[in-house]
Amino acid sequence: MGPFVFSSSFLWYLCFVLSAVRVVHVQANNGWLNAHATFYGANQNPTTLGGACGYDDTFHAGFGVNTAAVSSMLFREGEACGACYQVMCDYRADPKWCLIRGSVTVTATNFCPPNNHGGWCDPPYHHFDMSMPAFFRIARQGNEGIVPVIYRRVACKRRGGVRFTLKGQSSFNMVMISNVGGSGDVKAVWIRGSRSGAWLQMHRNWGANWQSSADLRGQRLSFKMTLADGKTLLFLNVVPSTWRFGQTFSSRSQFL
């Protein structure tokens, strides 16, 4: 049997796979991971970049303008909505465009969809498509491309309590949950009406929107919420019985 001969195309593919594994899985000190970042929405009001998480206005949701759409490896079918990441431009990898010691904390409010053609938001890449104000906290003005970054999960520091925006109609209740502190990413939600007595588990409809089929009109509403890190809080009677669809109510309690 003669020696194996590899085509140049195969060798290129092998190098690509190995480089992808290196980019995704190399972990720096203190839990930092490698990723890349771009920016989007240059001609949009940055408060409107709520996208796939369903936040109509990121200021109203409590997140401000430092937000990002994240790739599918981070988005986790909407579970990442509301999670916070500290992102730093990797100055050693790209001193031309990275601001030295440039750092910003962003909230995941949108999804950067894969195009299945090797794009930066395709698996297995970790990618942040950031609002323009957030991106230029870490990269130099004039850069309209992509920069290498390192990132880590951090606790979300929010002002005020968790917010509940009531959507839906009659027996279809949909609640958008925002301004969540702590890990920020909601894992499970239950709702209880003042006349029903029992906790009813809600299901993620999409992004930060949770649904229930119970007709709870005319009742005070309480919520029980568990975050991805396992922390649970009760929000008792946070919504008065006079509530209407479209209204937002803020709790006095908050995850730390």
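This is a predicted model: local features need pLDDT of at least 70, side-chain atom pairs count only at pLDDT 80 or more; totals for chains, interfaces and linings use all residues.

For a close-up of the pairing, pick Y85: its bridge partner in β6 is R153.

Now zoom out to the whole sheet. Which order do the strands follow around the barrel? Trace β1-β5-β2-β4-β3-β6: these six strands form a closed barrel, and their pairing is mixed. On average, neighbouring strands in this sheet are turned by 45° against each other, ignoring direction.

Select F63, N66, C84, S103, V104, T105, T107, R137, A155, C156, K157 and R158, and you have the lining of the second largest pocket. This pocket has a volume of about 200 Å³. Which strand gives the most to this lining? Color residues 103-111 to see: that's strand β4, with four residues in the lining. By type, the pocket lining splits into five nonpolar, four polar and three charged residues.

Last stop: a cavity. Searching the whole structure turns up one cavity of 30 Å³ or more. The largest cavity has a volume of about 50 Å³. To see what surrounds this cavity, select Y55, C81, G82, I177, V180, G184, V186, R204, G207, A208 and W210. How do the residues of this lining divide? Seven are nonpolar, three are polar and one is charged.

Key: Residues are numbered from 1 along each chain as its sequence is written. Side-chain values use heavy atoms; hydrogens and water are left out. Two strands pair if DSSP finds at least two bridges between them. Helices (H or I, at least four residues) and strands (E, at least two) are DSSP runs, numbered from the N terminus. Axes are lines fitted to C-alpha atoms, for helices over the stretch in contact, and angles run from 0 to 180 degrees between N-to-C directions. On a 1 Å grid over the protein atoms alone, a cavity is a set of points where a 1.4 Å probe fits but cannot get out, and a pocket is an open set with protein on both sides within 12 Å along at least five of seven lines; lining residues have an atom within 4 Å of a point. Grid points are joined across faces, edges and corners, and a volume is the space filled by probe spheres set on the points. Ala, Val, Leu, Ile, Met, Phe, Trp, Tyr, Cys and Pro count as nonpolar, Asp, Glu, Lys and Arg as charged, and the others, Gly among them, as polar.
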